[in-house]
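Hello! Here is the structure I promised to pass on to you. Have a look at it first, and then read my notes below.

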Amino acid sequence: MSKRHLPPPRSGPNAGTGQPSGRPAGVAGRAITAAAARAGAPGGLRFTERQLYYETCRVLSPGSTLLRGRVPGTPAPVLRLPVFTRALEARGRETVPGLLPPLPESGARVGPRRPRERAERPERSERPELSEPWDSSVSSESLELPELSELSEAYSEPDVYDYGLPRLLMCQDRSIAGMLLANHVHLEAACPVFAAADALPLDPRLLAALRRAEGATVYVLHDASPAGLALPAQVRSGLGPVPGVRVVSLGLAPRHAAALRLPTGRGPAPGPAALAALPAALRPREADWLAEGRFAEVAAVPPDRLLRTVLRLTRGPRPPRDSLWSGLRGLRGAGFMTWPAA
């Protein structure tokens with residue numbers, strides 16, 4: 001188990017690298033090239049810098065991928081984050097295909113505006129073509145996704161909230177919310193995607209739309225950490241007295257991190273209050289794992305697997321496909337111009 005804490009990425013062009021931009025830094029630079037190809041497969045997926053870091057660790061440690069699902073565990077990252085950041089800066093972030101631009105630290109939102117923000121917004125003719133409310137990492141020109149800007153305009157229309165909203169997705173990590181939006185999860189699952197820090201407390205019109213759907217579900221995607229595992233309860237309390245609305249955790253839990261052999265980090269041990277807020281459904285070994293300061297991030301899940309899982313869980317199970325024989329049997333009872341019953 002890793003005892004290395006994963007510090008936040010360094011900022012600034014070529015900060016402390018000592019290398020000219022455009023030249024990868026040794027083995028890490030070559031691994032980034034391979035990792036970017038794997039993270040974007042299949043079909044040119046968009047991914048965050050943190051996801052690229054974890055994919056680079058898997059490229060440098062192929063044995064961890066081979067053991068996934070067979071030997072549970074949480075291996076240590078084989079590449080320290082500062083080394084990866086220096087290699088990425090030396091190469092140039094803009095040269096990595098599929099890499100989303102970093103989110104600004106503050107001042108940008110992932111999701112629809114508040115009503116007061118819409119009232120202050122200038123007229124459509126005065127706005128740039130790709131404007132708020134989507135975060136700059138999602139609505140930048142490099143994405144070339146006009147449907148995202150169209151959806152943001154649709155959320156700004158008041159009559160959208162006159163309909164029922166059967167499901168909604170809350171993400172603990174703002175960059176993961178932007179990644180899901182950039183890969184059209186909100187369109188394929190017909191499920192709005194929010195960053196929890198930007199969306200809570202929910203707009204009263206969204207609460208009304210959830211109530212109107214009769215049995216709506218708010219999904220919460222979070223890290224395997226004390227703060228992440230406490231997020232579903234915070235969302236539930238933030239919704240207030242909304243009858244019939246379920247709050248469902250999509251993970252991660254420590255057992256998920258072990259089953260997927262996700263690289264994990266280690267930070268300060270949580271205090272008694274954080275441990276007391278952990279869900280009662282956690283196994284004792286999971287609680288002990290968290291008490292040691294260990295954590296696993298959603299960004300450590302391979303991008304394609306993350307997208308498939310989120311789509312499967314938010315859309316629900318697909319109806320079984322009809323075989324040729326079941327279709328022929330169904331024709332017998334279909335009525336006019338079908339096989340005779342006798």
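This is a predicted model: local features need pLDDT of at least 70, side-chain atom pairs count only at pLDDT 80 or more; totals for chains, interfaces and linings use all residues.

**Strands 3 and 4**

How does the chain cross from strand 3 to strand 4? The path goes through helix 11, residues 226-239, and this β-α-β crossover is right-handed.

On the way from strand 3 to helix 11 there is a loop, and S225 sits in it. Is S225 buried or exposed? Its relative accessible area is 11%, which is under the 20% cut-off, so S225 counts as buried. Leaving out residues up to four places away in sequence, S225 touches Q172, L290 and F295.

**Two pairs of helices**

Two packed helices are described by the angle between their axes and the distance between the axes. I looked at two such pairs for you.

Let us begin with helix 1 (residues 26-39) and helix 2 (residues 49-60), whose axes come within 8 Å and cross at roughly 110°. Angles of 65 to 115 degrees count as roughly perpendicular, and therefore helix 1 and helix 2 are described that way. Which residues of the two helices meet? Helix 1 brings V27, A28, A31, I32, A34, A35, A36, R38 and A39, while helix 2 brings L52, E55, T56, R58, V59 and L60. Sorted by class, this contact of helix 1 with helix 2 has eleven nonpolar residues, one polar residue and three charged ones.

Now turn to helix 7 (residues 174-182) and helix 15 (residues 303-315). Their axes come within 11 Å, with a crossing angle of roughly 80°. Helix 7 and helix 15 are therefore roughly perpendicular to each other as well. From helix 7, the residues I176, M179 and L180 meet P303, L306 and L307 of helix 15. How do the residues of this contact of helix 7 with helix 15 divide by class? Six are nonpolar, with no polar and no charged residues.

**Details in the loops**

A cis peptide bond joins A41 and P42, with omega at about -5°. You will find P42 in the loop between helix 1 and helix 2, the pair described above. The peptide bond from L200 to P201 is also cis, and its omega is near -5°. P201 lies in the loop that links helix 9 (196-199) with helix 10 (204-212).

Next, look at E214, in the loop between helix 10 and strand 3. E214 is not a glycine, yet its phi is positive, at about 60°. With a relative accessible area of 73%, which is over the 50% cut-off, E214 is therefore exposed.

R261 has a positive phi too, near 55°, and is likewise a residue other than glycine. Where is R261 placed? Look in the loop between helix 12 (254-259) and strand 5 (265-266). Is R261 buried or exposed? Its relative accessible area is 14%, so R261 is buried.

Terms used. Residues are numbered from 1 along each chain as its sequence is written. Side-chain values use heavy atoms; hydrogens and water are left out. A crossover is right-handed if, with the strands pointing away from the viewer, the path from the first strand over the helix to the second runs clockwise. Helices (H or I, at least four residues) and strands (E, at least two) are DSSP runs, numbered from the N terminus. Axes are lines fitted to C-alpha atoms, for helices over the stretch in contact, and angles run from 0 to 180 degrees between N-to-C directions. Angles under 35 degrees count as roughly parallel, over 145 as roughly antiparallel, 65 to 115 as roughly perpendicular and the rest as oblique. Contact means heavy atoms within 4.5 Å. Ala, Val, Leu, Ile, Met, Phe, Trp, Tyr, Cys and Pro count as nonpolar, Asp, Glu, Lys and Arg as charged, and the others, Gly among them, as polar. Buried means under 20% relative accessible area, exposed over 50%, partly exposed in between (1.4 Å probe, protein chains only).
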